[in-house]
Amino acid sequence: MIKLTLIVHLLGATIWTGGHLILAIGFLPQALRKKDPAIIEAFEAKFERIGIPALILQVITGLTLAYAYLPDISKWFSFETHVATHIFVKLVLLVLTLGLALDARLRIIPKLSTANLTSLALHIVAVTLISVLFVAFGAGIRTGGLF
Ligand code: HEM
């Protein structure tokens with residue numbers, strides 16, 4: 001069962017992190033060059049339907065994997081072992097991702113135009129970097145620590 005959870009977690013990671021890398025490297029530079037938010041909107045409209053369920057799956061499978069490593073949830077905040085520290089970092093990354101996503105959804109996207117395109121671009125770059133950190137800190141758990 002834990003193997004299946006890990007496979008789903010890894011599939012979700014390919015979608016979430018891969019999708020954001022494609023957006024940030026493949027579409028964002030063009031949108032900024034042409035000052036055209038529609039390029040990002042077109043990508044988001046397609047990606048959202050698979051990206052959001054993937055993130056939800058990441059949270060469910062991630063919490064399940066964390067529980068399998070450390071069934072005492074108070075240990076997740078203990079910094080006692082590299083596993084505890086990496087789980088804590090992933091939870092912080094999750095809060096940052098949700099904060100940035102909510103800010104973009106509620107404040108930027110409803111009034112998206114060339115005027116606030118840079119603000120959206122910064123959000124996309126930040127969420128993409130965080131998505132890569134999710135993968136890095138995930139890989140660090142099994143391999144004895146990222147550093
Ligand atoms: C978009 C979000 C996330 C991405 C892209 C991601 C990605 C990854 C990756 C690539 C691994 C490596 C798996 C391996 O070593 O075989 C991993 C492992 C792990 N992740 Fe995540 N993760 C995300 C969110 C979360 C969350 C929210 C948690 C909850 C604390 C979490 C907990 C874990 C745990 C405990 C492992 C170790 C699994 C194992 O070694 O069996 N992840 N993650």
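This is a predicted model: local features need pLDDT of at least 70, side-chain atom pairs count only at pLDDT 80 or more; totals for chains, interfaces and linings use all residues.
Local features need pLDDT of at least 70 and side-chain atom pairs count only at pLDDT 80 or more, while totals for chains, interfaces and linings use all residues. Residues are numbered from 1 along each chain as its sequence is written, and side-chain values use heavy atoms, with hydrogens and water left out.

We can start with the ligand. Among the 22 residues around the ligand, H9, W16, Y69, K90 and R142 come nearest (a residue is near if one of its heavy atoms lies within 4 Å). The side chain of Y69 places an N or O atom 2.8 Å from a ligand oxygen, and the side chain of R142 has an N or O atom 2.6 Å from an oxygen atom of the ligand. For K90, a polar side-chain atom lies 2.5 Å from a ligand nitrogen. By residue class, the shell holds 15 nonpolar, 5 polar and 2 charged residues (Ala, Val, Leu, Ile, Met, Phe, Trp, Tyr, Cys and Pro count as nonpolar, Asp, Glu, Lys and Arg as charged, the others, Gly among them, as polar).

Turning to charge pairs, the whole structure contains 3 salt bridges (a side-chain nitrogen of Lys or Arg within 4 Å of a carboxyl oxygen of Asp or Glu). R105 and E48 form one of them, at 2.1 Å from N to O. D72 and K75 are joined at 3.7 Å, and D103 and R107 at 2.8 Å.

How values were computed:
A polar contact is a pair of N or O atoms within 3.5 Å; within protein, one must be able to donate a hydrogen and the other to accept it, and residues adjacent in sequence count only if both atoms are side-chain atoms.
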